Amino acid sequence: MRAIVVSSPGGPEQMTWTEVPTPEPGPGEVLIRVAAAGVNRADLLQRQGHYPPPPGASDILGLECSGVVESVGPGVTIPTPGGPVVALLPGGGYAEYVLAAATCCVTPPAGVDLVTAGGLMEAAATVVSNFDTARLDPSETVLIHGGAGGVGSFAIQYAHALGCRVLATAGTPDKRDYCRGLGADVVLDYHDAWWDEVRAATDGRGADVILDVLGAGALEHNLNCLAPDGRLIIIGTQKGNRGTLDIGRLLARRGTIIATGLRGRPPAQKAAICHAVATRLWPLYEGGDITPPATTLIPLADAARAHELLESGASHGKIVLVA
Ligand SMILES: NC(=O)c1ccc[n+]([C@@H]2O[C@H](COP(=O)([O-])OP(=O)(O)OC[C@H]3O[C@@H](n4cnc5c(N)ncnc54)[C@H](OP(=O)(O)O)[C@@H]3O)[C@@H](O)[C@H]2O)c1
């Protein structure tokens with residue numbers, strides 16, 4: 001088979017479309033003929049050498065895909081060969097074939113074409129697992145940072161569908177319009193003092209739940225606009241790993257900080273999350289409550305171009321590689 005291989009850590013020019021051995025499914029595994037693979041910000045970090053795959057995972061990039069089951073390993077009864085699937089992967093998606101745990105394969109949502117479905121799983125799994133951990137309630141106000149991104153554009157729609165009041169941040173006027181179109185009630189320019197605007201938009205109370213992709217650089221401001229009993233969920237560190245936490249402020253708000261990474265979760269947790277995606281989120285697509293994000297399609301062999309586009313910050317929604 002052919003796959004995108006990163007010859008050495010660095011820029012997109014290190015990515016080449018290369019002949020590699022086709023993997024064989026072992027016990028509990030499924031071999032998928034890839035139709036499409038979603039591009040995630042983590043892929044950029046892995047390409048640069050800053051985000052190694054977990055032990056045992058493929059070192060080929062790619063955390064999600066859609067495709068058709070080619071064959072299954074010992075003990076696998078579901079899914080079956082020939083069936084369409086969407087899969088959450090520990091790696092390997094930027095290839096013509098990829099191995100997935102059978103428990104991380106689900107049927108695509110009805111009415112969404114297989115290529116578009118290739119970019120749905122990672123964001124859906126990230127958002128549903130963290131909103132569940134935070135016990136997000138429909139009566140609450142949620143702030144979504146990076147609302148126009150792959151994760152953010154799903155999070156806005158899902159929180160809106162739940163009935164929450166949704167605040168979001170984005171960097172440009174067109175991206176703020178996009179967030180409004182997804183269902184955000186208030187959209188803020190992240191170049192401004194968004195923490196003041198969050199308080200102003202909530203009568204001084206703040207957001208009950210904040211989904212943060214920035215990390216250290218936004219920690220203080222996030223705490224400044226967290227409501228009493230609020231939950232700050234940190235899923236990204238685009239503005240740094242190490243920050244200073246004002247414990248007194250957190251304590252006064254009876255606040256909780258949650259930080260999770262999806263890729264390194266134990267298999268049973270990933271299986272439960274994929275099941276939640278299929279049983280609770282796919283019906284939202286099927287009922288028209290949410291729609292796939294704006295999707296930019298790029299041929300898999302041109303994955304370097306997809307990385308350049310994501311790194312430029314010019315895209316919104318999801319970039320999907322088509323096999
Ligand atoms: N922990 C996990 O399990 C997990 C899983 C998936 C993703 N993630 C992380 O979640 C983040 C988003 O992933 P993605 O795939 O959705 O990436 P993406 O599509 O590239 O989105 C990144 C977002 O960050 C926003 N952003 C950049 N600078 C910002 C700032 N100063 N203030 C507010 N927002 C800012 C961008 O906003 P504009 O486009 O408006 O500039 C963009 O919407 C990444 O950090 C990724 O590593 C974590």
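Modeller: A cavity is a set of grid points where a 1.4 Å probe fits but cannot get out. With that in hand, let's look at this predicted model.

Colleague: Happy to. How many cavities of 30 Å³ or more does the structure hold?

Modeller: The structure holds 1 of them. The space inside the largest cavity comes to about 40 Å³.

Colleague: Which residues line the largest cavity, and how do they divide by class?

Modeller: Its lining is made of Leu63, Leu88, Leu89, Glu122, Leu262, Arg263 and Lys270. By class that gives 4 nonpolar and 3 charged residues, with no polar ones.

Colleague: Now the open spaces. What is the volume of the second largest pocket, and which residues lie nearest its centre?

Modeller: The volume of the second largest pocket is about 610 Å³. Its lining has 29 residues, and Glu29, Gly56, Ala57, Pro90 and Leu99 are the ones nearest the centre. The lining divides into 19 nonpolar, 6 polar and 4 charged residues.

Colleague: Which element gives the most to that lining?

Modeller: That is β6, with 5 residues. Both β6 (97–101) and α9 (267–286) supply at least two residues each.

Colleague: Let's turn to charges. How should I read a salt bridge?

Modeller: The general idea is that side chains of opposite charge can pair when their charged atoms come close. In this structure, a search finds 13 salt bridges. One of them joins Glu311 to Arg47, with the closest N and O atoms 2.7 Å apart. This pair links distant parts of the chain, 264 residues apart: Glu311 is in helix α10 (residues 303–312) and Arg47 in helix α1 (residues 41–48).

Colleague: Is Arg47 buried or exposed?

Modeller: Arg47 counts as buried because its relative accessible area is 2%, and the cut-off for buried is under 20%. Glu311, at 34%, is partly exposed.

Colleague: What about Arg231 and Glu140?

Modeller: Their side chains also meet in a salt bridge, at 2.7 Å from N to O. Arg231 sits in strand β12 (residues 226–234) and Glu140 in the loop between α3 (121–133) and β8 (141–144), 91 residues apart. Arg231 is buried at 5%, and Glu140 is buried at 13%.

Colleague: And where do Asp196 and Arg199 lie?

Modeller: Both are in helix α6 (residues 194–201), 3 residues apart, or about one turn of the helix. Asp196 is partly exposed at 38%, as is Arg199 at 28%.

Colleague: Finally, which residues make the nonpolar surface patch?

Modeller: Leu245, Ile247, Leu251 and Ile257 make this patch of about 370 Å². Leu251, found in helix α8 (residues 247–252), counts as exposed because its relative accessibility is 63%.

Methods:
Residues are numbered from 1 along each chain as its sequence is written. This is a predicted model: local features need pLDDT of at least 70, side-chain atom pairs count only at pLDDT 80 or more; totals for chains, interfaces and linings use all residues. Side-chain values use heavy atoms; hydrogens and water are left out. On a 1 Å grid over the protein atoms alone, a cavity is a set of points where a 1.4 Å probe fits but cannot get out, and a pocket is an open set with protein on both sides within 12 Å along at least five of seven lines; lining residues have an atom within 4 Å of a point. Grid points are joined across faces, edges and corners, and a volume is the space filled by probe spheres set on the points. Helices (H or I, at least four residues) and strands (E, at least two) are DSSP runs, numbered from the N terminus. Ala, Val, Leu, Ile, Met, Phe, Trp, Tyr, Cys and Pro count as nonpolar, Asp, Glu, Lys and Arg as charged, and the others, Gly among them, as polar. Patches are made of residues with over 30% relative accessible area and no salt bridge: like charges are joined within 9 Å, nonpolar side chains (Val, Leu, Ile, Met, Phe, Trp, Tyr) within 5 Å. Accessible areas come from the Shrake-Rupley method with a 1.4 Å probe; for residues, only the protein chains shown count as cover. A salt bridge is a side-chain nitrogen of Lys or Arg within 4 Å of a carboxyl oxygen of Asp or Glu. Buried means under 20% relative accessible area, exposed over 50%, partly exposed in between (1.4 Å probe, protein chains only).
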